[in-house]
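Work through the exercises below with the model open. Try each task before reading its solution.

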Amino acid sequence: MNSLHDVWRTRFTHYMGEVQKYMRFVFTGHLAIVIMFVLGAAGYQYSEWLKIASSDFPAIWLTAAIIGVFLGFSRPVTLIRKPDEVYLLPLETKLPQYFNKALKYTFSSQIIIVVLLYMVTWPMLRQVAGLEPSTIMVGLVASILLKLWNIHSEFSYRWAYKGHNVWMDRIVRMVCSFVFIASILYVQFIPIIIMILIIVSYPMFWKKKLQETPFPYEHFVRLEENRMMGIYRFANYFTDVPNIHGSIKRRVWLDWAYKLIPYAKQNTQEYLVFRSFVRTDDHFYLWLRLTAISALAAAFIHIPVAIGVVAAALAFATAIQLKQALTTSTDFRMDMLYPLPENSRKKATVKVVRYTIIVQAMIVLLAGIGTPYFYAQGLIVLIVGELTLRLSK
């Protein structure tokens, strides 16, 4: 082991390889089209709103609140692993050089979202709040510096207190970030000075404890495992990730839905597939998430072509992914012991996915009431979903 710089470089290369390997299945062609249309429609709606927005609208408070919340979520990326509890102990005095690399990467990867969000609010601050570009730019610089402070503060807090009650630390940092940005945009010098003093002194509350506490490997290992598991679970919605299986949970509030399938021998597979869909988190939340996105698009985007493209793409994604997930399940089931027709599960899966598409179409239709051609949105979901089920393998 030459140095901890080499350790970080090796782990970072492996980490980026893992992320890229699965993200290429996530950001596919149809998702890119959906993102393009959603962003285009949202941008158009935003520009139209800016033309009629009242000067009384709390643009500064809204900007400070949005940026403050995103600044508060500054979970450090350390790439610490379980064996490090043993193998890095001899190098514990040199850990700062490793964590400097880790926190630099955390900052560079998380600051992009903050800058993009702030740039989105720039036209609102300029037109609605009437701020000068120089004031808005100072707010942007302050947001970047606050992000660096938030990352180092959360890392230090987690070290000092082993992650206990980290939500309290986040709330404090969110409030500080919110007040500081609002004070800058309102050009209030006294609150700015007070907030600078608070921000500088806040980490000092646990600085002594940090020096007396050995590095909590267990907490940071668990933090990294949870973060990587989140990436794998997200990718698992789009492709098969080895050793990732959705948890099973009974949804009592949906028990009534099982009665929709008649109790009969020929409906055995249909009942089992429907039960698997309802109780498996990966399948159920996939449908719920895509349906919610379609409904929000139908409710807030008033461009018929854009809504149609979004609804069609998400209906296709819903149908193809649920069909593949429910058909290719490799888990042992009791029905495998019985001489059922070979394609019975596939037929049952098509029926169940068809039910989900119908419900999705109804939700999208109701969400779009009041928008132009709202009735066409539900039809698009039904048609695209049915075609996907019939033409896909």
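The exercises go from the whole chain to single residues.

This is a predicted model, in which local features need pLDDT of at least 70, side-chain atom pairs count only at pLDDT 80 or more, and totals for chains, interfaces and linings use all residues. Residues are numbered from 1 along each chain as its sequence is written, and side-chain values use heavy atoms, with hydrogens and water left out.

**Exercise 1. The whole chain**

Task: State how many helices and strands the chain has.

Solution. Start with the secondary structure. Helices (H or I, at least four residues) and strands (E, at least two) are DSSP runs, numbered from the N terminus. The chain has 15 helices and 0 strands. Next, take the extent: the C-alpha trace spans about 70 × 60 × 35 Å along its principal axes. Then take burial. Buried means under 20% relative accessible area, exposed over 50%, and partly exposed in between (1.4 Å probe, protein chains only). Of the 393 residues, 44% are buried.

**Exercise 2. Helix α12**

Solution. Helix α12 covers residues 281-300. Now look at burial along α12. Its buried residues include D281, F284, W287, L290 and T291.

**Exercise 3. α11 against α12**

Task: How are α11 and α12 oriented: roughly parallel or roughly perpendicular?

Solution. First get the geometry. Helix α11 (residues 268-279) packs on α12 at an angle of about 75°, with the axes 5 Å apart. Axes are lines fitted to C-alpha atoms, for helices over the stretch in contact, and angles run from 0 to 180 degrees between N-to-C directions. Next, classify. Angles under 35 degrees count as roughly parallel, over 145 as roughly antiparallel, 65 to 115 as roughly perpendicular and the rest as oblique. So α11 is roughly perpendicular to α12. Last, list the contact (heavy atoms within 4.5 Å). S276, F277, V278 and R279 of α11 meet D281, H283, F284 and W287 of α12. These residues divide into 4 nonpolar, 2 polar and 2 charged. Here Ala, Val, Leu, Ile, Met, Phe, Trp, Tyr, Cys and Pro count as nonpolar, Asp, Glu, Lys and Arg as charged, and the others, Gly among them, as polar.

**Exercise 4. The largest nonpolar core**

Task: Find which residues of the largest nonpolar core touch the most other members.

Solution. A nonpolar core is a set of buried Ala, Val, Leu, Ile, Met, Phe, Trp, Tyr and Cys residues joined through side-chain atoms within 4.5 Å. The largest one has 35 residues, and F274, F277, V278, I301, L322, V353 and V381 touch the most other members. Helices α11, α12, α13, α14 and α15 each supply at least two residues. Helix α13 gives the most, with 10 residues. Now follow V381. Beyond four places in sequence, V381 touches A311, A315, I357, Q360, A361 and V364.

**Exercise 5. T356**

Task: Is T356 buried or exposed, and which residues does it contact?

Solution. Locate T356 in helix α14 (residues 344-367). Its relative accessibility is 5%, so T356 counts as buried. Leaving aside neighbours within four places in sequence, T356 contacts F277, W287 and L322.

**Exercise 6. Positive phi**

Task: Describe where K162 sits.

Solution. K162 is in the loop between α6 and α7. Its phi is about 55°, positive although K162 is not a glycine. K162 is partly exposed, at 45% relative accessible area.
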